[in-house]
Amino acid sequence: MNNPVKNTPCELCLSRKFSMFSDLGEAHLCTVSDSKNFISHKKGQILYYENTKPLGVFCVNSGVVKIFKTASNGKEQIIRLAKKGDFVGYTSLIGEEAYSTTATIVEDAKICFVPKEVFLKVLGEDNNFHRRLTQALCHDMGVMESKLTDATQKSIRERLALALLKLGDSYGVDGGNKQRLDITLTREEIAGIVGTATETVIRLLSEFKKDGLIDLQGKKILLLDRKGLARLSDFYG
């Protein structure tokens, strides 16, 4: 069950600096703050389902949200993981289309829901926000193009190494060449990110551990050798 919590004004939100609302004008920020709903969600709860109509935009205050598509065989293909500051569901809203994905909570989260009419009003009136959102849409398109290229040109081993590096960029702590991933993902979810079978991910993670690239601490993953993973992923960005 979703739990409404005390509504934190947008101007006091510590996560706003990570979001596209970071430089929103004072008047529009007040409009968003007055109209939003601030809700606490538990792991496993659904934000929205594929093929339903968007009624607004979700802004992640804390926690992690998984956005995915479900194949005919029931397997999930994870499109992305949204963290604090990220918008969820805005592309379908702007495109006036039903959701093409499903979004669910991976780690307990607090999320603001901004109604459609308010979001579109701010988008139409604030030029800086409009520009930032347009840039975000273009970035997302580039990411999807890169994923498509990786899926056709990289081996599963290379894709897994790259996925671990990107998880390190978003959720890594400790820094340097060694990083602990501060996110708990099941092996099925990692497989959903890479686009392969769970059994393959389990086998490759064991091989990566044997090769000294990672360490496994329960469901947590420690990246021991980012440079080695980068060489393995054929990633030179």
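Predicted model: local features only at pLDDT ≥ 70, side-chain atom pairs only at ≥ 80, totals over all residues.
Contact here means heavy atoms within 4.5 Å. Setting aside neighbours within four places in sequence, Ile214 is in contact with Leu164, Leu205, Phe208, Lys209, Ile221, Leu222, Leu223, Leu224 and Leu229.

Ile214 also turns up in the largest nonpolar core, a set of 28 residues. Together with Leu81, Leu164 and Leu229, Ile214 touches the most other members of that core. Quite a list of elements gives two or more residues to this core: strand 4 (56–70), strand 5 (76–82), helix 5, helix 6 (187–194), helix 7, strand 11 (220–223) and helix 8 (226–233). Helix 5 hands over the largest share, seven residues. The core also takes in both domains, drawing at least three residues from each of domain 1 (10–151) and domain 2 (154–232). Apart from this core there is a second, separate one of 21 residues, with Phe38, Tyr90, Val114 and Phe119 among them.

Back to helix 5, and how it packs against helix 7. The axes of helix 5 (residues 156–171) and helix 7 (residues 198–210) come within 11 Å and cross at roughly 70°. Angles of 65 to 115 degrees count as roughly perpendicular, and helices 5 and 7 are therefore roughly perpendicular to each other. On the helix 5 side, the contact is made by Ile156, Arg157, Leu160, Ala161 and Leu164; these meet Thr200, Val201, Leu204, Leu205, Glu207 and Phe208 in helix 7. Sorted by class, that contact comes out as eight nonpolar residues, one polar and two charged.

Methods: Residues numbered from 1 in each chain as written. Heavy atoms only, no water. Axes fitted to C-alpha atoms, helices over the stretch in contact; angles between N-to-C directions. Helix = DSSP H or I, 4+ residues; strand = E, 2+ residues; numbered from the N terminus. Parallel < 35°, antiparallel > 145°, perpendicular 65-115°, else oblique. Nonpolar A, V, L, I, M, F, W, Y, C, P; charged D, E, K, R; others polar. Core = buried A, V, L, I, M, F, W, Y, C linked by side-chain atoms within 4.5 Å. Buried < 20%, exposed > 50% of the residue type's maximum accessible area, 1.4 Å probe, protein only. Domains from an automatic or database assignment.
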